[in-house]
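Biologist: I am new to this protein and would like a short tour. Could we begin with a term that will be needed along the way?
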Amino acid sequence: MERQIAEPTRAAARPSNMMKLSLLLNAILLAWVGYAQVGRHLLVGDGVSIVLANDTESTMLDPTIEFPGGSFHLPELAAWKAVGTSIQVPGQFDATLTYKDADGGSQSRKFTIKPIGELLVVLHVIPGPPSAPVDASEAAEDALPPSPPRGPRVIVSYQGENTNI
């Protein structure tokens, strides 16, 4: 008697475990890329954390940050010091920083904040460029008038995930 050995039959319609794993990993990768490109912009956050950093050599008197829906006020902020707060304004917004410098002069700077994701926004108040004295004998009648001193500047710095802002 001859024995016949039957070959095992494969079900061609059933994917292998390796194929299932590959499809699952591809789906996860596509979901992650989609979220990174689009998803962050669709989510509305609870607000943003802001730090006001006085990077000048003088004290800021009565600094106030005004933003849509409120303001943040301090009696003073010493030189080379920083203070922070969380504000409940999701998305991009315009804000204004007003304060008095040590000489009693009022300063006001407007800026735009564009938070994306979970970020810490640092507002650096830095001294402006020094103004060059103008010699009256060198000034000609047809020359442009000297520009007024610009004063301190506000630099908006974003810290957190790399968002390529």
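This is a predicted model: local features need pLDDT of at least 70, side-chain atom pairs count only at pLDDT 80 or more; totals for chains, interfaces and linings use all residues.

Biologist: Which residue in β6 does I65 stand opposite?
Modeller: I65 stands opposite L97 in β6. Strand β2, residues 60-67, pairs with β6 in the antiparallel sense, over four bridges.

Biologist: And how many bridges join β6 to β7?
Modeller: Eight bridges join β6 to β7, which covers residues 106-113, and these strands run antiparallel. Within that pairing, Y99 stands opposite Q107.

Biologist: What lies between β6 and β7 in their hairpin?
Modeller: Five residues lie between the strands, and G104 in this hairpin takes a positive phi near 90 degrees.

Biologist: Now to T96. Is T96 buried or exposed?
Modeller: T96, which lies in strand β6 (residues 93-100), has a relative accessible area of 15%; the cut-off for buried is under 20%, so T96 is buried.

Biologist: Which residues is T96 in contact with, leaving aside neighbours within four places in sequence?
Modeller: T96 is in contact with T64, I65, E66, S108, R109, K110 and F111.

Biologist: Changing topic, how many helices and strands does the protein have?
Modeller: The protein has one helix and nine strands.

Biologist: What share of the residues counts as buried?
Modeller: Of the 165 residues, 23% count as buried. The accessible surface comes to about 12,400 Å², and 55% of this belongs to carbon and sulfur atoms.

Methods. Residues are numbered from 1 along each chain as its sequence is written. Side-chain values use heavy atoms; hydrogens and water are left out. Helices (H or I, at least four residues) and strands (E, at least two) are DSSP runs, numbered from the N terminus. Buried means under 20% relative accessible area, exposed over 50%, partly exposed in between (1.4 Å probe, protein chains only). Contact means heavy atoms within 4.5 Å. Accessible areas come from the Shrake-Rupley method with a 1.4 Å probe; for residues, only the protein chains shown count as cover. Two strands pair if DSSP finds at least two bridges between them.
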